[in-house]
Amino acid sequence: MKVAIMTDSNSGITQKEANELGIFVLPMPFTINGQEFEEDINLTQDEFYDKLMTGAEVFTSQPAAGEVTKFFDNILKEYDQIVHIPMSSGLSGSCQTALMLAQEDEYKEKVYVVDSQRISVTQKWDVLDALELSKAGKSAKEIKEILETEKKESSIYITVDTLKYLKKGGRITSAAAAIGTVLNLKPVLQIQGGKLDAFAKVRGWKQAKKTMLEAVEKDWQERFNGEEVYIQGAYTSSKEEAEQWKEEIENRFPNVTIEMRPLSLSVACHIGPGALA
């Protein structure tokens with residue numbers, strides 16, 4: 001069996017990287033001031049942030065069912081099976097749509113959708129693991145089973161620069177946003193098991209970063225029993241702050257190679273520029 005690995009742009013994998021890896025990335029759609037865009041097709045990171053920071057109305061959505069099946073059909077011209085790894089079902093309906101489409105007669109036993117409950121950097125690692133499993137001769141069904149067995153073996157911690165976008169998305173009230181801004185409160189958010197949840201509220205960037213580093217270290221020692229792990233940094237917008245954040249992570253975990261990745265635009269839309277993870 002020739003098995004293709006497919007994901008969406010929420011993984012943070014660019015079209016260029018996808019071509020280099022030999023995988024397929026479904027671009028996520030956006031509506032900006034009433035105009036339709038697709039991530040990394042006709043919308044770059046810089047263009048997105050320029051529009052977001054100048055007050056544009058930005059909305060995320062999921063690809064239409066017809067676009068997804070068209071993607072499946074094109075891949076199946078060259079491959080026998082597809083392992084599709086979309087963003088977490090707890091954060092978008094796109095996973096459920098893909099699962100439903102995979103049950104149609106023409107895709108049964110050909111398309112296997114993984115509900116990995118991951119997004120961004122952790123979703124990317126699922127894709128890389130799937131690619132290695134495919135090269136090792138695993139079937140699409142076997143790859144799906146392995147990834148879903150290991151889906152909770154990850155954590156994401158995020159802190160934001162502004163509460164504006166959390167308020168806009170309805171994740172916090174206007175009153176909470178106003179009080180938080182006055183008191184310089186930084187929420188530390190967590191994605192563990194598919195959904196974005198509150199983890200801690202602290203004052204200032206220094207304490208927020210300290211809280212995230214301590215949370216990662218605790219997970220490593222307690223949840224993962226000190227086993228080998230990947231620790232990565234992520235950010236929205238500012239590369240200068242991202243490099244400084246990378247240094248801080250490296251200082252805390254000197255024996256781990258740290259990669260710094262921009263967060264996908266669908267995440268950035270809901271947390272705003274200047275966030276660190």
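Mentor: We begin with exposure: a residue is buried under 20% relative accessible area, exposed over 50%, and partly exposed in between, computed with a 1.4 Å probe on protein chains only. This is a predicted model, in which local features need pLDDT of at least 70, side-chain atom pairs count only at pLDDT 80 or more, and totals for chains, interfaces and linings use all residues. Residues are numbered from 1 along each chain as its sequence is written, and side-chain values use heavy atoms, with hydrogens and water left out.

Trainee: Is Asn33 buried or exposed?

Mentor: Asn33 has a relative accessible area of 55%, so it is exposed. Asn33 sits in the loop between β3 (29–32) and β4 (35–38). Helices (H or I, at least four residues) and strands (E, at least two) are DSSP runs, numbered from the N terminus. The phi of Asn33 is near 50°, a positive value in a residue other than glycine.

Trainee: Which value does phi take in Asp40?

Mentor: Asp40 is not a glycine, yet its phi is positive, about 65°. Asp40 belongs to the loop between β4 and α2 and, with 33% relative accessibility, counts as partly exposed. A glycine case comes just after α2, where Gly55 has a positive phi of about 90°.

Trainee: Which residues of α2 are buried?

Mentor: They are Phe48, Tyr49 and Leu52. These residues cover an arc of only 90° around the axis, which puts them on the same side of α2. The arc is that of the directions from the helix axis to the C-beta atoms.

Trainee: What is Lys51 in contact with?

Mentor: Contact means heavy atoms within 4.5 Å. Lys51 is found in helix α2 (residues 45–53) and is partly exposed, with a relative accessible area of 26%. Leaving aside neighbours within four places in sequence, Lys51 is in contact with Ile32, Phe37, Leu43 and Ala56. Ile32 is 19 residues from Lys51 along the chain, and their C-alpha atoms are separated by 7.9 Å.

Trainee: Which residues of α3 are buried, and what do they pack against?

Mentor: Val68, Thr69, Phe72, Ile75 and Leu76 are buried in α3. They cover an arc of only 120° around the axis, which puts them on the same side of α3. The buried residues of α3 pack against β1 (3–8), β2 (24–26), β6 (81–85), α4 and β7 (111–113).

Trainee: How do the residues of the cavity lining divide?

Mentor: Ala, Val, Leu, Ile, Met, Phe, Trp, Tyr, Cys and Pro count as nonpolar, Asp, Glu, Lys and Arg as charged, and the others, Gly among them, as polar. The lining of the largest cavity has six nonpolar, four polar and one charged.

Trainee: What volume does the largest pocket have, and which element gives the most to its lining?

Mentor: The volume of the largest pocket is about 890 Å³, and α5 gives the most to its lining, with six residues. The lining has 32 residues, of which Glu153, Ser154, Ser155, Val229 and Tyr230 lie nearest the centre of the pocket. It divides into 18 nonpolar, six polar and eight charged.

Trainee: Where does Ser154 lie?

Mentor: Ser154 lies in the loop between α6 (140–149) and β8. With a relative accessible area of 11%, Ser154 is buried. Not counting residues up to four places away in sequence, Ser154 touches Arg118, Thr122, Gln192, Arg223 and Phe224.

Terms used: On a 1 Å grid over the protein atoms alone, a cavity is a set of points where a 1.4 Å probe fits but cannot get out, and a pocket is an open set with protein on both sides within 12 Å along at least five of seven lines; lining residues have an atom within 4 Å of a point. Grid points are joined across faces, edges and corners, and a volume is the space filled by probe spheres set on the points.
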